[in-house]
Amino acid sequence: MIVEFVLAAMFGVLAVVTAVNSEWIEEVFGIDPDGGSGALEWAIVAAFGVLALVAAGLGTRTVVLRARSSSA
């Protein structure tokens, strides 16, 4: 349960960091895979955003299912 929320937070932070500083890929890896167009960076922002939403949804689902099973 807590793992999903931690992952959601991490993915959310990575999405924001990538959106704010899209050059981190070039700085960390020393390559420019998209030739400066920024397309890869926006794809990464979208992927991290989707992963954050999925992880948060799974965490919420776990909490709800545990609450239902403990009250039944």
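Asp34 is buried yet takes part in no salt bridge. The nearest side chain of opposite charge, that of Arg61, is 35 Å away. The model discussed here is predicted.

**Asp34 and its loop**

- Asp34 is situated in the loop that runs between helix H2, residues 24–29, and helix H3, residues 39–71.
- A polar atom of the Asp34 side chain lies 3.3 Å from the backbone nitrogen of Gly36.
- A polar atom of the Asp34 side chain also lies 3.2 Å from the backbone nitrogen of Ala39.
- With neighbours within four places in sequence set aside, the contacts of Asp34 are Glu26, Ala39, Leu40 and Glu41.
- Pro33 likewise belongs to the loop between H2 and H3.
- Pro33 has a relative accessible area of 48% and is therefore partly exposed, whereas Asp34 is buried.
- Beyond its neighbours within four places in sequence, Pro33 is in contact with Ile25, Glu26 and Leu40.

**Glu26 and Phe29 in helix H2**

- Glu26 is part of helix H2.
- When residues up to four places away in sequence are not counted, Glu26 touches Ile31, Asp32, Pro33, Asp34 and Glu41.
- Phe29 counts as exposed because its relative accessibility is 56%, over the 50% cut-off.
- The C-alpha atoms of Phe29 and Val45 are separated by 17 Å, the two residues being 16 residues apart along the chain.

**Nonpolar surface patch**

- Ile2, Val3, Val6, Leu7 and Met10 make up a nonpolar patch on the surface.
- Together, these patch residues have about 450 Å² of accessible area.
- Leu7, one of the patch members, lies in helix H1, which covers residues 2–20.
- A relative accessible area of 33% is the reason why Leu7 is classed as partly exposed.
- Met10, also a member of the patch, is placed in helix H1.
- Met10 is partly exposed because its relative accessible area is 45%, which is between the 20% and 50% cut-offs.
- Met10 and Thr62 are 52 residues apart along the chain, and their C-alpha atoms are separated by 19 Å.

**Ala8 in helix H1**

- Ala8 is another residue of helix H1.
- Ala8 counts as buried because its relative accessibility is 12%, under the 20% cut-off.
- Apart from neighbours within four places in sequence, Ala8 is in contact with Ala52, Ala55 and Ala56.
- Ala8 and Glu23 are 15 residues apart in sequence, with 23 Å between their C-alpha atoms.
- Ala8 is buried, whereas Leu7 is partly exposed.

Terms used
Residues are numbered from 1 along each chain as its sequence is written. This is a predicted model: local features need pLDDT of at least 70, side-chain atom pairs count only at pLDDT 80 or more; totals for chains, interfaces and linings use all residues. Side-chain values use heavy atoms; hydrogens and water are left out. Helices (H or I, at least four residues) and strands (E, at least two) are DSSP runs, numbered from the N terminus. Buried means under 20% relative accessible area, exposed over 50%, partly exposed in between (1.4 Å probe, protein chains only). Lys and Arg count as positive and Asp and Glu as negative; His and the chain ends are not counted. A salt bridge is a side-chain nitrogen of Lys or Arg within 4 Å of a carboxyl oxygen of Asp or Glu. A polar contact is a pair of N or O atoms within 3.5 Å; within protein, one must be able to donate a hydrogen and the other to accept it, and residues adjacent in sequence count only if both atoms are side-chain atoms. Contact means heavy atoms within 4.5 Å. Patches are made of residues with over 30% relative accessible area and no salt bridge: like charges are joined within 9 Å, nonpolar side chains (Val, Leu, Ile, Met, Phe, Trp, Tyr) within 5 Å. Accessible areas come from the Shrake-Rupley method with a 1.4 Å probe; for residues, only the protein chains shown count as cover.
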